[in-house]
Structures are given as structure tokens and as C-alpha cells.
Amino acid sequence: QLSVDQVSAEQPPSLKEHEWAGPEALCPGWLDEEVSDGEVPEDTGDPDSATHGYELLQSALRQEGLPLTLDRTAEPHTGFGPLDMTVCILGSPTAFLPVLLEGGTRCPGAMVLCLSPAWASRVPSETSPGSWSLLLSRGVSFEAGGRSALEEFVPPRRATYVTGTFCAGAESSWVGELARDLDCPTGGSALLARWLEDPVVTRWVLAARAGLPVPPTLAFVLGPGGALPEDPAPPGVRLVRL
């Protein structure tokens with residue numbers, strides 16, 4: 001049996017013992033009213049959104065027994081060109097932590113986590129007219145051994161692949177906006193997430209078009225339900241319009 005003093009002595013070090021300086025280190029200038037030259041989606045209005053995501057990341061790393069994130073923003077990372085691979089994860093770190101850790105092992109430095117829309121900007125694409133390039137000015141990069149670092153990129157680093165938490169959540173609006181109409185491959189979209197996470201639509205498509213059995217479903221929808229396919233109602237699904 002351990003005493004309270006023994007338990008306290010064995011707890012992992014807190015964030016205060018590591019080199020990170022809170023909201024201003026994560027979102028420098030978030031109190032300023034300056035407007036960026038590039039197209040940036042509207043923030044959620046919460047200046048601590050990056051801090052919250054950062055704390056979630058540290059908690060997840062601690063639970064996995066991995067080192068906490070180092071702050072390297074004092075020495076901006078330079079030298080990235082258009083041919084360098086940058087896999088960008090937008091939004092909450094918890095859902096993609098296994099991907100970030102494995103990617104950091106296989107391609108050290110190529111996996112970059114973006115926790116705030118203030119860390120990225122959209123500029124017109126130079127290669128695909130009508131599309132946008134996503135540039136990262138700040139992010140958490142991952143390396144072998146589960147090591148991670150909060151870094152600043154000068155000049156901003158261009159994303160070559162983008163995915164993130166497009167599902168419903170506090171960060172879903174800016175994640176979907178940042179990933180819209182990009183000139184690089186993406187792992188999803190806000191519209192696709194809404195379709196896939198709608199149980200009525202998915203069961204309707206599976207039963208009516210794929211002929212797969214679905215659980216007996218009684219669904220109530222408001223309005224005409226224009227998002228539903230125009231197929232006749234499949235067996236096992238009853239739709240009630242309100």
C-alpha cells in the first residue's frame with residue numbers, strides 16, 4: 001500500500017515543468033485585431049481553442065507513456081519547399097494520435113498537427129486555378145519514438161495531404177472550411193462526414209441500393225428531407241415526415 005506522499009512523488013511531471021508558455025505561445029497575437037492577407041476561416045471565438053487541444057494532446061501522450069511536446073518555436077523551422085511532404089491533421093489530436101505516432105516513426109517530421117485556424121492560411125493555388133493551397137505557419141510535428149514538438153514554420157509550410165475531424169464538434173466548422181477546395185488530396189470533407197454519420201441515409205442506401213439487411217428503423221425527419229435518396233422506401237425502414 002502506497003502513502004499519499006509516495007503517489008504524489010511518482011506522478012508524471014506537469015505541463016508547467018516543460019517549456020511551453022500557454023495561449024500566447026500556441027496562438028501568438030490572438031489578442032491583436034490584425035487581419036491576414038490570406039483567406040482564413042472565422043475562428044470559434046475561443047482564444048484558448050489551441051490551448052485546449054494542446055492539453056488534450058499532452059494528456060494522451062502521458063497516458064501512452066510518451067514524452068510531452070517540446071516547444072521549439074523560439075527557433076523557426078526553415079527550408080521547406082513545394083516538394084516536401086507535409087501530412088496535415090486538422091482539429092482534435094485524440095482521434096488521429098495513432099496515425100500521428102506511426103507517421104512520425106515512418107516519416108519523421110512529415111506529420112503535422114494543426115490545432116487552430118490561426119496556425120494556417122489559405123492562398124490561391126499556383127497550380128490548380130480555382131483551388132486553394134493550405135499553408136501552415138505553426139504546428140505540432142511528430143518524430144520517431146513518439147517525440148513531438150511545437151514548431152513555427154518560416155516561410156509557411158505547404159500541406160500536401162490534409163485530413164482531420166470533420167464530424168460534429170467544436171472545431172468541425174473551421175476544420176471543414178480549411179479543407180475546402182484544396183489543391184492537394186484530402187481524407188474527407190464536412191459534407192461527406194454529415195452523409196456518413198446520418199444513420200437514416202446510410203441505412204436507406206444500404207437497404208435500397210445494396211440490398212443489405214439493416215436493423216428495423218423508425219425515423220422522424222423535419223421538412224421534405226431533401227438529403228435522402230429518391231429510392232422507394234426499403235424494407236425495414238419507415239420514414240415519418242413532420
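A: Here is a short tour, from the overall make-up to single residues.

Q: What kind of model is it?
A: It is a predicted model.

Q: How many helices and strands does the protein have?
A: There are seven helices and nine strands.

Q: And how much of the protein is buried?
A: Of its 242 residues, 40% are buried. The accessible surface is about 13,700 Å². Carbon and sulfur atoms hold 57% of that surface.

Q: What about contacts between residues at least 6 apart in sequence: what share join residues at least 24 apart?
A: That share is 63%.

Q: Let's go to E2. Are its faces covered or open?
A: Both are covered. Val87 and Ile89 are buried on one side. Cys88 and Leu90 are buried on the other.

Q: Which strands does E2 pair with?
A: One partner is strand E3, residues 111-114, in the parallel sense over four bridges. Strand E7, residues 161-164, also pairs with E2 in the parallel sense, over four bridges.

Q: Which residues stand opposite each other there?
A: On the E3 side, Val87 stands opposite Met111. On the E7 side, Leu90 has Gly164 as its bridge partner.

Q: How does the chain get from E2 to E3?
A: The chain passes through helix H4, residues 97-106. This β-α-β crossover is right-handed.

Q: Switching to charges. How many salt bridges does the structure hold?
A: Seven. One of them joins Glu143 and Arg72, with the closest N and O atoms 3.2 Å apart.

Q: Where do those two sit in the chain?
A: They are 71 residues apart, so the pair links distant parts of the chain. Glu143 lies in the loop between strand E5 (132-142) and strand E6 (148-158). Arg72 lies in the loop between strand E1 (70-71) and strand E2 (87-90).

Q: Which residue does Arg180 meet in a salt bridge?
A: Asp181, at 3.2 Å from N to O. Arg180 counts as partly exposed because its relative accessibility is 31%. Asp181 is partly exposed at 44%.

Q: New topic: Cys184. Where is it, and is it buried or exposed?
A: Cys184 is in the loop between helix H5 (172-178) and helix H6 (190-196). Its relative accessibility is 9%, so Cys184 counts as buried. The cut-off for buried is under 20%.

Q: What does Cys184 touch, leaving out residues up to four places away in sequence?
A: Cys184 touches Ala159, Thr160, Tyr161 and Val162.

Q: And how far is Cys184 from Leu134?
A: Their C-alpha atoms are 8.6 Å apart. Along the chain, Cys184 and Leu134 are 50 residues apart.

Q: Last one. Which residues form the nonpolar patch on the surface?
A: Leu218, Phe220, Leu222 and Leu242 form the patch. Together they have about 490 Å² of accessible area.

Q: Where is Phe220, and why does it count as exposed?
A: Phe220 is in strand E8, residues 217-221. Phe220 counts as exposed because its relative accessibility is 53%, and the cut-off for exposed is over 50%.

Technical notes:
Residues numbered from 1 in each chain as written. Predicted model: local features only at pLDDT ≥ 70, side-chain atom pairs only at ≥ 80, totals over all residues. Heavy atoms only, no water. Patch = residues over 30% accessible without salt bridge, like charges linked within 9 Å, V, L, I, M, F, W, Y side chains within 5 Å. Areas by Shrake-Rupley, 256 points an atom, 1.4 Å probe, with all protein chains shown as cover. Salt bridge = Lys/Arg side-chain N within 4 Å of Asp/Glu carboxyl O. Helix = DSSP H or I, 4+ residues; strand = E, 2+ residues; numbered from the N terminus. Buried < 20%, exposed > 50% of the residue type's maximum accessible area, 1.4 Å probe, protein only. Contact = heavy atoms within 4.5 Å. Pairing = 2+ DSSP bridges. Right-handed = clockwise from strand over helix to strand, strands pointing away.
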